[in-house]
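Morning, everyone. I have one structure to show today. Please take a look before I start talking.

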Amino acid sequence: MTTDAYVRNDAATTHATTGDTATLNTLIATLIDSVNGYQKAAADTENARFAELFNARAQERQTAVTKLQAVVARLGGNPEDDGTTAGAIHRGWINLKEAVVGRDDEAIVNSVESGEDYLKEKFEAALKHKDLPVEARAAVEEAYTSVRAGHDQMSQLKHAIN
């Protein structure tokens, strides 16, 4: 019986770890989308101040990606290393829109701010999972601090332009 109980507990632990790494990997993929989005925004803007700001946010997000990937690996998972299909589609839509109507800083900032809204929602949903292991929760909370700051900064920038 002890062996049977051990096997069940091991299966439960494996299931919990898989769920934890899946949550983290979803956040990683969305953060990778954010890195790519900020890099695209930096390349598309003609405003040097905005480009510098976007590149700094891209680097900050890449740091968050790296930290979350390390946690996934420590939990025994396979860390995500690619963005989401939705993120790629969004960037494709932006490329098409730019080809038709051209680029302007207001449109770029609006697009970035929209992405920040989505990212913030993803992190807030993940933080509602009460059963995340301590290490995973700490990494998500640390990344969320960056996400929230980026969101607030882009929101302020959007309102200053509009």
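I'll go through the overall fold, then the helix packing, then the aromatic residues.

First, a caution. This is a predicted model. Keep that in mind throughout.

The fold, then. The protein has 5 helices and 0 strands. Along the sequence the pattern reads α-α-α-α-α. There are 162 residues, and 37% of them count as buried. Now look at the contacts with a sequence separation of 6 or more: residues 24 or more positions apart account for 81% of those.

On to packing. I picked two helix pairs, and α5 belongs to both.

Start with α2 and α5. Helix α2 covers residues 48–74, and helix α5 covers residues 134–161. Their axes come within 10 Å. The crossing angle is roughly 165 degrees. Anything over 145 counts as roughly antiparallel, so α2 runs roughly antiparallel to α5. The crossing is left-handed. What does the contact of α2 with α5 consist of, by class? It has 15 nonpolar, 4 polar and 8 charged residues.

Now α4 and α5. Here the axes come within 8 Å and cross at roughly 150 degrees. That angle is also over the 145 cut-off, and α4 and α5 are therefore roughly antiparallel to each other. This crossing, too, is left-handed. By class, the contact of α4 with α5 has 13 nonpolar, 4 polar and 10 charged residues.

Phe54 sits in helix α2. Is Phe54 buried or exposed? Its relative accessibility is 0%, so Phe54 counts as buried. Which residues does Phe54 contact, once neighbours within four places in sequence are set aside? The list is Tyr38, Ala41, Ala42, Thr45, Ile108, Val109, Val112, Met154 and Leu157. Val35 is 19 residues from Phe54 along the chain, and their C-alpha atoms are 9.1 Å apart.

That brings me to the aromatics. How many aromatic pairs are there? The count comes to 3. I'll describe two.

Take Tyr38 and Phe54. The ring centres are 6.0 Å apart, and the planes stand at 40 degrees, so this pair is tilted. Tyr38 belongs to helix α1, residues 2–44, and Phe54 to helix α2, so the pair ties together parts 16 residues apart in sequence. Tyr38 has a relative accessible area of 1%, which means that Tyr38 is buried.

Then Phe123 and Tyr144. Their ring centres are 6.5 Å apart, with the planes at 25 degrees, so this pair is stacked. It links distant parts of the chain. Phe123 is in helix α4, residues 105–127, while Tyr144 is in helix α5, and 21 residues separate the two. Both Phe123 and Tyr144 are buried.

To recap. Helix α5 is roughly antiparallel to α2, and α4 and α5 are roughly antiparallel as well. On the aromatic side, Tyr38 and Phe54 make a tilted pair, and Phe123 and Tyr144 make a stacked one.

That's my part. Over to you.

Terms used. Residues numbered from 1 in each chain as written. Predicted model: local features only at pLDDT ≥ 70, side-chain atom pairs only at ≥ 80, totals over all residues. Heavy atoms only, no water. Axes fitted to C-alpha atoms, helices over the stretch in contact; angles between N-to-C directions. Helix = DSSP H or I, 4+ residues; strand = E, 2+ residues; numbered from the N terminus. Parallel < 35°, antiparallel > 145°, perpendicular 65-115°, else oblique. Left-handed = near helix turned anticlockwise from the far one by under 90°. Nonpolar A, V, L, I, M, F, W, Y, C, P; charged D, E, K, R; others polar. Buried < 20%, exposed > 50% of the residue type's maximum accessible area, 1.4 Å probe, protein only. Contact = heavy atoms within 4.5 Å. Phe/Tyr/Trp six-rings, centres within 6.5 Å; stacked < 30°, edge-to-face > 60°.
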